[in-house]
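Please look at the sequence and the structure below before reading on.

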Amino acid sequence: MHSSLRPFFSQAGLRHGARAALPAFPGFIMFSAAFGTAAAQKGLSLAEAMGLSAFVYAGASQMVGLEVWQKVWTPTTILTIMTVTAVVNARMILLGATVQPWLRHEPMARNALNLFLITEAGWLVGTRYYNEGGRDVGVLLGAALILWIVWQIATIVGFFAGALVPEPKAFGLDFVMPIFFSVMLVPLWKGARPALPWLVAGAVSFVTHALVPGYGYIVAGALAGVIAGMLIE
């Protein structure tokens, strides 16, 4: 790998990122297949389900979107699904901000593609690589591209065959993603003090989820973590 501290882009980085994302495949496959199954049961066509997976590309937002999905759309329902999706995905603003030092010299088109495809899993892969001294932006894009492709394929599989597992929780499949994120966060541990914002974000999210209906707990936790980090620093 290139040893320079200045960010650069290479095809080798694309391949490296794709390989580094392999541990995320089980979680992505289970989550996306579950969405495909839920979309089919909700009455969406394959094209509608694939549209959500391709362009919204966020498991939580896609699942929430299904809850407010209507056969007949009105301005109110359109505004509702737009608002809910924006709120649930607001955490992506923070993820995008953290990779800004890495991407700021990238061409606009590649920057836009990187940020459109960013997910927690791809971000974790890229952040770990960056913290270890790597600067090849291809790693971030390689992980993002392969995960997006896996997400689309699993949506199709789930749409047609996911009904064979009608209750994922009965098999513990709902724990796959949390376990993956927990394992990927371990290398980012830098002591108790830097971890305090994580603790604050988690606690605020938990309390907000228990007291306030809806999906505001995601934004509340993220903002609390940011504020805690600023105060600690």
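## Helix packing in a predicted model

Ser61 belongs to helix H4, residues 59–67, where helices are DSSP runs of H or I with at least four residues, numbered from the N terminus. The structure is a predicted model, in which local features need pLDDT of at least 70 and side-chain atom pairs count only at pLDDT 80 or more, while totals for chains, interfaces and linings use all residues. Residues are numbered from 1 along each chain as its sequence is written, and side-chain values use heavy atoms, with hydrogens and water left out.

Ser61 counts as buried because its relative accessibility is 2%; buried means under 20% relative accessible area, exposed over 50%, and partly exposed in between, with a 1.4 Å probe and protein chains only. Leaving aside residues up to four places away in sequence, Ser61 touches Val56, Thr85, Val88 and Asn89, a contact being heavy atoms within 4.5 Å. The buried residues of H4 are Gly59, Ser61, Gln62, Val64, Gly65 and Leu66, and what covers them includes helices H2 (25–42), H3 (46–56), H5 (75–88) and H10.

Helix H10 has 25 residues, 137–161, and reaches 36 Å from its first C-alpha to its last, close to the 36 Å expected at 1.5 Å a residue, the expected span being 1.5 Å times one less than the number of residues.

How do H9 and H10 cross? The axes of helix H9 (residues 120–131) and H10 come within 9 Å and cross at roughly 160°, the axes being lines fitted to C-alpha atoms over the stretch in contact and the angles running from 0 to 180 degrees between N-to-C directions. H9 is therefore roughly antiparallel to H10, a term for angles over 145 degrees. The contact is made by Ala121, Gly122, Val125, Gly126 and Tyr129 of H9 and by Val139, Leu140, Ala143 and Leu147 of H10.

Gly27 is buried, with a relative accessible area of 2%, whereas Ala34 is partly exposed, at 25%.

| Pair | Apart in sequence | C-alpha to C-alpha |
|---|---|---|
| Gly27 and Trp151 | 124 residues | 9.9 Å |
| Ala34 and Ala154 | 120 residues | 8.7 Å |

Conventions:
Helix = DSSP H or I, 4+ residues; strand = E, 2+ residues; numbered from the N terminus. Parallel < 35°, antiparallel > 145°, perpendicular 65-115°, else oblique.
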